[in-house]
Amino acid sequence: MAIEGGCYCGALRYSIEGEMPRGGLCFCRACQHASGGGPNAFGLVAPERFVWTRGQPAVFTHPDKADAVTRAFCLACGTQVSTQRPGQRAVIVKIGTLDRAQDWSGPGFAIYTAQKAPWHVLPEGLPAFADLPPR
Ligand SMILES: [Zn+2]
Ligand SMILES: [Zn+2]
């Protein structure tokens, strides 16, 4: 069964083959900018399981960071749909863009918590990493 998703306005649509992706919460400052202030909820999808089915995203890579992610977003409505990290074989899908985001099992871990604000809520008992988890 395919999992469908897309940006807010529908100009970008994608399909994920297989199961609901597992992932976590990212509290990095860049995600706070992109999300409007909260952490980003993301799921990791093997590239061969992910396909754009409508439109092509605009992309942005932070020019001031060597290992910066590239964010893919909709030029029409501004929704960030996914990111890719250099050296990581995964499409990082933003959970809020899934048609049935409510079906996600929830975050399995939190990353970049060193950058979180004091008022952010970290779910109790969630494994948390100051930056990225060790590989
Ligand atoms: Zn859009
Ligand atoms: Zn982040």
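Let's start with one residue, Cys-7: with a relative accessibility of 7%, Cys-7 counts as buried, because buried means under 20%. Keep in mind as you look around that this is a predicted model.

For comparison, the ideal angle for four tetrahedral donors is 109.5 degrees.

Cys-7 and Cys-77 show how the site links distant parts of the chain, since they are 70 residues apart. Cys-7 sits in the loop between strand S1 (2–6) and S2, while Cys-77 sits in the loop between strand S7 (70–73) and S8. Is Cys-77 buried or exposed, or something in between? At 30% relative accessibility, Cys-77 counts as partly exposed.

The zinc ion (ligand 2) is coordinated by the SG atoms of Cys-26, Cys-28 and Cys-31, at 2.1 to 2.3 Å. Along the chain, the donors of the zinc ion (ligand 2) follow the spacing C-x1-C-x2-C. Cys-26 has a relative accessible area of 6% and is therefore buried. Cys-28 is buried too, with a relative accessibility of 11%.

Let's move on to the nonpolar residues. In soluble globular proteins, nonpolar side chains tend to be buried together. Here the largest nonpolar core has 14 residues, and those that touch the most other members are Tyr-14, Ile-16, Val-45, Phe-50, Val-93 and Leu-98. Strand S2 (13–17) and strand S9 (91–94) are the elements that give two or more residues to this core. Not counting residues up to four places away in sequence, Phe-50 touches Tyr-14, Ser-15, Ile-16, Val-45, Val-91 and Val-93. Another core, of eight residues, lies apart from the largest one, and its members include Cys-28, Ala-30, Phe-42 and Tyr-112.

Charged residues come next. Side chains of opposite charge can pair when their charged atoms come close. How many salt bridges does a search of the whole structure find? The search finds three.

One of them joins Arg-13 and Asp-99, whose closest N and O atoms are 2.7 Å apart. This pair links distant parts of the chain, 86 residues apart: Arg-13 is in strand S2, and Asp-99 is in the loop between S9 and strand S10 (110–111). Asp-99 is partly exposed, at 41% relative accessibility.

Another salt bridge joins Glu-48 and Arg-89, with the closest N and O atoms 2.7 Å apart. Glu-48 lies in the loop between strand S4 (40–45) and strand S5 (50–54), and Arg-89 in the loop between S8 and S9, 41 residues apart. Glu-48 counts as exposed at 55% relative accessibility, and Arg-89 is exposed at 58%.

There is also a salt bridge between Asp-103 and Arg-100, at 2.6 Å from N to O. Asp-103 is partly exposed at 42% relative accessibility, and so is Arg-100 at 47%.

Which charged residue is buried yet has no salt bridge? That is Arg-85, found in the loop between strand S8 (80–84) and S9. Leaving aside neighbours within four places in sequence, Arg-85 is in contact with Asp-67, Val-69, Ile-92, Tyr-112, Leu-132 and Arg-135.

Our last stop is Ala-130, in the segment after S10. Ala-130 is partly exposed, at 46% relative accessibility. Ala-130 and Thr-113 are 17 residues apart in sequence, but their C-alpha atoms are 4.7 Å apart in space. Beyond its neighbours within four places in sequence, Ala-130 is in contact with Tyr-112, Thr-113 and Ala-114.

Technical notes
Residues numbered from 1 in each chain as written. Chains lettered and ligands numbered in written order. Predicted model: local features only at pLDDT ≥ 70, side-chain atom pairs only at ≥ 80, totals over all residues. Heavy atoms only, no water. Donors = N, O, S within 2.8 Å, 3.2 Å for Na, K, Ca; no water. Buried < 20%, exposed > 50% of the residue type's maximum accessible area, 1.4 Å probe, protein only. Core = buried A, V, L, I, M, F, W, Y, C linked by side-chain atoms within 4.5 Å. Helix = DSSP H or I, 4+ residues; strand = E, 2+ residues; numbered from the N terminus. Contact = heavy atoms within 4.5 Å. Lys, Arg positive; Asp, Glu negative; His and termini not counted. Salt bridge = Lys/Arg side-chain N within 4 Å of Asp/Glu carboxyl O.
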